[in-house]
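Q: Please take a close look at the surroundings of the ligand, and then continue to the charged pairs of the protein. A connected account would be welcome.

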Amino acid sequence: MSDTVLHGQYAERHIGTSSADQEAMGAAIGLGEHRAGEAPREAADAVVDSALPAAIRGLGAAGAHVPELGASEAEALAELRGLASRNRVLTPMIGLGYSDTITPPVIQRNVLENPSWYTAYTPYQPEISQGRLEALLNFQTMVADLAGLPTANASLLDEATAAAEAMLVARRAVRKAPATFVVDADVLPQTRAVLAVRAEALGIELVDVDLAGGEALPDQVFGGLIQYPGASGRVWDPSGAIDALHAAGGQAVVAADPLALTVLTSPGAMGADVVVGSTQRFGVPLGFGGPHAGYMVVRQGLERQLPGRLVGVSKDADGHLAYRLALQTREQHIRREKATSNICTAQVLLAVMAGMYAVYHGPHGLRAIAEDVMGKTALLRSWLVEALAGSDDAVVDAPYFDTLRVHVPGRAGEVIAAAHDLGVQLLPVDADTVGISVGEATTHTDLHRVAAAFGGPGERAFATFGSFPAGDQGWPVPAPLRREVDYLDHPVFSTHHSETAMMRYLKRLADSDYALDRGMIPLGSCTMKLNAAAAMAAISWPEFSRIHPFAPAEDVGGYLELIDQLADWLADLTGYDAVSLQPNAGSQGELAGLLAIRGYHRSRGDAARDVCLIPSSAHGTNAASAVLAGMRVVVVACDEMGNVDLTDLRNKVSEHRESLSALMITYPSTHGVYEHDVLDITAAVHEAGGQVYIDGANLNALLGHARFGDLGGDVSHLNLHKTFAIPHGGGGPGVGPVAAKAHLAPFLPSHEYAQGEEGTAGGSRGAGPVSAAPYGSAGILPISWAYIRMLGLEGLTEATDAAVLGANYLAARLGEYFPILYTGDHGRVAHECIVDLRPLKEATGITVDDVAKRLIDFGFHAPTMSFPVAGTFMVEPTESEDLAELDRFVAAMASIKAEAEQVAAGVWPAEDNPLVNAPHTAASIAAEWTHPYSREEAVFPSGVGAAKYWPPVRRIDQAHGDRNLVCSCPPVEAFSS
Ligand SMILES: *Cc1c(COP(=O)(O)O)cnc(C)c1O
């Protein structure tokens with residue numbers, strides 16, 4: 001087939017509106033009025049033309065790298081197969097916090113590969129999110145039980161950043177102590193490196209102490225980090241070190257392997273204040289570094305300091321138990337520079353997988369896996385001891401769980417090469433030491449190969465080795481650290497052990513939820529577009545999924561090529577020179593970009609430049625990230641149009657001229673408008689010696705038409721989980737690449753273990769890593785690669801056009817019923833629009849909340865509420881929705897307005913009407929009906945047909961849950977109210 005036949009295939013699948021639809025939409029919004037006399041143009045293209053300010057239009061098309069035309073799905077998958085074939089799937093026994101695990105196929109198929117789970121949004125609308133909230137509560141209960149502390153959050157980005165967040169929790173808990181944080185000598189090296197970056201920016205001093213070796217602490221510290229078991233694999237008793245940290249006035253943070261915790265005394269029982277770690281080895285593929293769910297659990301008294309999201313238990317309008325996110329007032333959206341952390345997108349899908357791994361295996365199943373791992377390690381150890389007897393080589397003598405260190409003076413490279421030839425990757429600790437880590441997926445054949453690499457016996461009859469003899473003296477762990485099964489006694493962990501039961505449990509939870517597989521999720525600022533099946537396919541291939549992040553470069557050629565290409569494409573599309581894919585979310589890209597700015601100023605002797613100007617309308621992560629980068633936030637006013645107030649900006653720039661570090665600006669603005677003055681704004685900042693950070697989360701309105709680099713940006717982050725089609729996963733994973741001009745490129749994140757050349761993971765003068773893995777969540781990069789490859793520059797541009805046309809169509813149609821708050825040139829918006837519901841409230845008493853909940857009865861996910869303006873909806877349709885769905889939404893909003901008017905007219909009382917009672921459950925209409933409107937009006941309002949979505953709970957009482965904080969699985973009796 002020729003290109004002309006294939007080209008456009010995917011674009012037509014991806015973009016929801018046909019050209020006929022687009023023409024009709026163009027006519028509906030009066031396109032052409034400004035274009036009299038010009039040649040007719042396609043409506044979607046024309047709307048961007050009329051919306052984009054003249055100064056911006058055509059500023060920079062993409063450069064040479066991005067293919068002009070898209071490949072078909074089949075072609076793109078064939079190319080991905082080619083890349084995959086350049087990765088070598090060996091047995092990864094490298095360890096360092098990443099373990100070869102087995103994803104139960106029932107979880108792979110029904111969670112990881114199921115759009116009901118992966119296309120869901122963050123559960124801010126709890127009534128339509130009970131399934132994933134329950135799954136996250138399982139996760140929280142699991143890690144809290146294993147850690148031996150009461151309150152866990154619903155995931156963090158990875159183990160290293162979780163440790164950094166824990167350091168900040170400790171700092172907030174102990175404000176008066178000196179800014180000194182102790183790091184044990186046996187902490188994972190990548191965790192130490194991430195901590196160093198984060199500490200340096202905040203003026204925290206890290207002090208390395210060999211705690212396991214009994215070395216003394218400084219007199220006064222605010223906290224310290226212990227690894228348990230240690231990075232070397234040594235299992236040691238940290239209770240003395242925890243006591244010493246407490247004696248020095250500090251908080252004790254323990255980074256722990258959750259599988260080891262099924263057989264080892266919990267850190268909580270030994271007095272730890274905070275426990276962090278990674279749940280990767282609970283069935284989550286390695287994926288060359290991620291995505292995986294980090295976790296954090298805290299003692300009583302620290303729950304309000306917890307970063308990230310926290311699922312809690314509350315009740316609905318009928319008093320039934322219901323889940324929702326708790327204590328949200330801690331979050332950056334609300335607290336901005338005073339937030340507990342900048343974490344927004346986390347790792348929900350991976351937390352769901354890890355939690356379900358525990359549900360499926362149960363406490364005794366997990367214990368059996370841990371004993372099997374320990375048993376295989378013991379077996380290998382015995383072979384090595386035998387093989388090395390009489391030589392200078394020796395297995396390091398220490399209690400162990402799954403990891404051994406072998407001392408082979410001068411021979412480490414040789415042994416590792418021999419193992420590699422046999423198909424096993426080991427860890428080069430140093431020239432004399434080899435590290436070996438055993439995982440759930442490690443086979444006896446693998447163990448033989450390792451033994452052979454050390455010159456041990458060849459193939460021998462497999463020992464009749466089963467699981468580790470429980471309670472036996474042969475345990476490699478000292479008796480005081482042995483733990484019995486005192487965890488996961490909630491029935492959910494012992495009910496779904498057959499595949500049938502598990503499949504049905506996952507189905508039941510998925511059915512409770514509203515995701516993109518049911519209908520539009522028109523969330524402004526979130527870009528909930530299609531996550532194509534073809535783009536998702538490759539993430540499950542072992543050549544991408546079973547790759548250790550520190551595998552040798554020779555085994556990851558395909559990954560490096562994919563990463564290089566994707567980075568080049570993104571640089572091209574945004575007008576920058578270098579891209580790092582390391583940050584695990586937009587928030588982390590922001591931090592990395594600001595740290596690059598900081599490093600740049602310092603390299604020029606400008607250490608005093610520490611003011612970050614942030615418009616009042618900015619996303620809350622901006623301010624939170626600036627604080628974490630050691631900057632002072634100065635807020636710039638916005639005008640009544642939501643644009644940066646140029647006069648105030650100029651004043652602030654001159655006021656802080658000497659100390660100006662950066663401006664963070666979002667383009668198009670968070671109000672969804674292409675502001676006119678962006679070139680003047682960036683010029684004013686540059687003129688004063690500042691750098692310009694453009695928040696790239698709204699790139700869906702710009703791609704193919706203008707580039708941040710050409711607007712005066714020095715650095716940006718992009719959200720691949722918004723614009724570039726990585727699914728939202730119910731609140732993560734994400735990828736937040738940071739893209740920069742050449743002068744900032746050397747200051748981008750670096751990583752000691754990066755396999756590629758400088759540029760992709762390597763700022764040569766960078767502060768260090770912002771994620772545990774060199775390429776962050778590399779395992780999901782094939783999704784964005786496929787997205788760009790299948791659309792090509794032409795398709796990407798068409799997608800932008802369709803997204804902007806859709807938003808303008810909605811603005812025009814909704815504008816018939818509600819005021820649209822901000823518009824730019826020719827009355828146009830960009831890719832989203834703000835619907836003002838304040839006049840409705842004034843006239844009828846019906847609130848934004850009522851409208852949002854009533855939309856559930858109509859079968860819609862509510863738009864973004866009260867951001868960036870209180871009392872409003874921000875609506876973003878994206879290019880993937882079709883015209884019928886847009887019209888269905890307009891009709892629902894029109895009906896809701898009519899209902900509100902009935903309330904105002906006194907037809908329905910203010911306290912008993914379909915709006916304040918929304919959403920309506922099936923149970924509520926089966927019960928005795930006393931309302932002044934019919935059951936049919938309640939659950940089948942106009943336009944709702946057979947595809948009715950039934951919410952499982954009624955409106956949830958947020959305040960009740962925060963007052964009575966319960967963040968683990970409630971007992972079964974609690975459901976019978
Ligand atoms: C989504 C978003 C962010 C944060 O991205 P995360 O991946 O959630 O951390 C930052 N800025 C803007 C404007 C956004 O819309």
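A: A polar contact is a pair of N or O atoms within 3.5 Å; within protein, one must be able to donate a hydrogen and the other to accept it, and residues adjacent in sequence count only if both atoms are side-chain atoms. The model is predicted, with local features needing pLDDT of at least 70 and side-chain atom pairs pLDDT 80 or more, while totals for chains, interfaces and linings use all residues. Residues are numbered from 1 along each chain, and side-chain values use heavy atoms, without hydrogens and water.

An oxygen atom of the ligand lies 2.7 Å from a polar backbone atom of Gly586. Taken alone, the ligand exposes 390 Å² (Shrake-Rupley, 1.4 Å probe), and the protein buries 98% of that. Around the ligand there are 15 residues (a heavy atom within 4 Å), of which Thr345, Ser525, Asp695, His721 and Lys722 come nearest.

Turning to the charged pairs, the model has 38 salt bridges (Lys or Arg side-chain nitrogen within 4 Å of an Asp or Glu carboxyl oxygen). One of them joins Asp513 and Arg132 at 2.9 Å, N to O.

Another salt bridge links Asp257 to Arg281, with the closest N and O atoms 2.5 Å apart. Asp257 sits in the loop between strands S6 (251-256) and S7 (274-278), and Arg281 in the loop between S7 and strand S8 (294-298), so this pair ties together parts 24 residues apart in sequence. Asp257 counts as buried at 17% relative accessibility, as does Arg281 at 8%. Together with Asp402, Asp257 and Arg281 are linked in a network of salt bridges.

In a further pair, Glu484 and Arg367 have their closest N and O atoms 4.0 Å apart. Glu484 belongs to the loop between helix H15 (444-453) and H16, and Arg367 to helix H13 (residues 348-388), 117 residues apart. Here Glu484 is exposed, at 56% relative accessible area, whereas Arg367 counts as buried at 10%.

Methods
Helix = DSSP H or I, 4+ residues; strand = E, 2+ residues; numbered from the N terminus. Buried < 20%, exposed > 50% of the residue type's maximum accessible area, 1.4 Å probe, protein only.
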